[in-house]
Amino acid sequence: MALLTRSATITTGETEKSRRSPANWLRSGGLSAIVFALPLVLTFLYFSWGPIVRGLVLSFQKNNLVTTPEWVGMANFSYVLTDPQLPQATINTLYFALLALVFGFPVPLFLAVFISELRKTGWLYNVISYLPAVVPPVVAILLWKYFYDPGSGVFNAILGWFGLGPYAWLNSPHLAMPAIVLEATWAGAGATSIIYLAALTGVRNELYEAAELDGAGIWRRVWHVTIPQIRGIILIMMLLQLIGTFQVFTEPFLFTGGGPDNATTTILLLIYRYAFINGDFGAATALSVLLALVLCLLSVVYHFLTRRWSTT
Amino acid sequence: MTAEAQERGIISAMDRRRPLVQYGLPVIQVLLFIGVVIAGVGPLLWLVKSGLSTSQDIIRGPMELWPSGIQWHNVPDAWTQVQIGSYLGNTAIIAIGSLLSTLFVCTTGAFVLSVLRPRWGPLITGAVLATLFLPGVISLVPLYLTILKMPVFGWNLQNTFWAVWLPQAAGAFNILVMKRYFDAIPRELIEAARIDGASNLRLFTALIVPMSKPIIGVVALLTVIGSWKDYLWPLLVLPDPKLQPISVALPRVAKTTDLSLQMSALFLAVLIPVVLFLIFQKQFLRGVGMSGGIKE
């Protein structure tokens, strides 16, 4: 091994000396580096960097794909910001994010902590609770849409056994959003719990032993040992969930199409309508840019707010 | 995990002797198990039941078991009338194509950034990293316009599978994960291969890729799951019903199909991922768990 590293330093020393000559650059594989980089650079130019720049440009243009694009300054932004639907969509999106946090955050965490305590049967809980995540989201939504059916749905049938209901679920402006979040939580809990579970295997058992010797009960051990040990991943998952819920589309689109009475119209639904129903691509990108800005700001604020907590 | 690590968790052997824990724990365990089964298996069992019922039975008694008998013919009917087979085929083509393009781009890209390390490498790494922090919504509309008319070439990729395959490959997360894995390969091995006269291509195919099978597996799994679940993007770029994957086709077909056939179709759409999951559950759960570790 010593010989190996020595020869390695010799070769790098040589290239250092003759780096400038183009012939050497070719011989040492400079060209093949470019060839290897081409797929990445091209796909990113076309499908990542390009569209991001183009989005910024588009938001200042009037573009409907028919007439030639023209610069309109801030007109798209002022149009989007004064759209009477925007406050409702913002409130709905925030409401969805809040509900998703309240329903969807504790369930997988509790599940993961509990499963990690089960030695022999833990995997079974794992497999079963991950099953909903395997169901393609569209299939799950179509299935749940029928569960929520006010006349002959499964939920009203079950609640009927206890003399409750019938409820209008997706047809009710008050229940529609919680109903959508319930399905989203059902679909997402298994995958999140697996990620927590993987993090929990890294918790050192000596800490539990020490806490127990200090007289900490089971709940205090969970609260003071388990949770702090995995707080890094908890914080990340929380932020990713927030960013995801702010961009929710499929669930409200397929469940209610934004109804009833716009009670489930989210920002992304609004962007979809601007672009693909009204054909106003300028307004759609302007709203996208605004949402992206808010999300970036949210990430930065979140990072600073939680930094102290995650490093101590 | 080793046997020693399994010896104790939060609850110790001493706790287990306390009556509250001794009897309380199994009760919670059973209750939770019932909860998990109802949530995880219940909807799927209901789907099986409804898929084999008449529409009237589903509407009249959503929780009754086949009052007018089991309708086995629903499944072949759904297969032929709803054309589930061809939509599943499209889904598979989309998933496999996305998988290949993603793996090709992220292994070659990570190889350059991690192993070849040209002077302009950090610039690309930085530009890739930057896109990770930008939410996807910002590029949705311009990406759609790019597909309608590719800059420079002027091609229209709408209604071709390339429209789904190619954008999938421009994922920063996969490239950075792959790069980080390549970074951990000892440099001595790479230098030794160089001294043996291996070209960059040979270095890539004979050393780096074989050594990175675990991470390639994880990226492949996550890509396939992602493309299987995708809805909005294929909805936008594949308006032709003949090319649509099952996720896009089902909501469209659902509006015009009989309820019982609709349920059979949903059942068929769930069957393959569930069976694949049950067969490969260990790899599946490990891969998904690893994705969390990577995010951290």
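What share of the 296 residues of chain B counts as buried? I found that 39% do, where buried means that 20 or more other C-beta atoms, placed from the backbone, lie within 10 Å of the residue's own.

A note to myself on the source: this is a predicted model, in which local features need pLDDT of at least 70, side-chain atom pairs count only at pLDDT 80 or more, and totals for chains, interfaces and linings use all residues. Residues are numbered from 1 along each chain as its sequence is written, while chains are lettered from A and ligands numbered from 1 in the order in which they are written.

**Chain B overall.** I looked up the secondary structure and found 18 helices and zero strands in chain B; helices (H or I, at least four residues) and strands (E, at least two) are DSSP runs numbered from the N terminus. Next I checked the radius of gyration, taken over C-alpha atoms: chain B has 25 Å, while a compact globule of 296 residues would have one near 19 Å, by the rule of 2.2 Å times the number of residues to the power 0.38. Along the principal axes, the C-alpha atoms of chain B fill a box of roughly 75 × 70 × 35 Å.

**Where the chains touch.** I then turned to the contact between the chains, which takes 88 residues from chain A and 86 residues from chain B; two residues are in contact if their C-beta atoms, placed from the backbone, lie within 7 Å. On the chain B side, helix H18 (residues 281–295) gives the most, with nine residues. I sorted that side by class and got 62 nonpolar, 17 polar and seven charged residues. Nonpolar here covers Ala, Val, Leu, Ile, Met, Phe, Trp, Tyr, Cys and Pro, charged covers Asp, Glu, Lys and Arg, and the others, Gly among them, are polar.

**One helix pair.** I followed helix H8 (residues 137–147) of chain A to helix H17 (residues 259–279) of chain B, and their axes come within 10 Å and cross at roughly 145°. Axes are lines fitted to C-alpha atoms over the stretch in contact, with angles from 0 to 180 degrees between N-to-C directions. Which residues meet there? A:Val139, A:Leu142 and A:Leu143 meet B:Leu266, B:Ala269 and B:Val270.

**Enclosed helices.** Ten of the eleven residues of H8(A) are buried, so this helix is largely enclosed by the rest of the structure; A:Trp144 and A:Phe147 are among them. Just after H15(A), I noted that A:Gly279 takes a positive phi of about 70°.

How values were computed: Buried ≥ 20, exposed ≤ 12 C-beta atoms within 10 Å, placed from the backbone.
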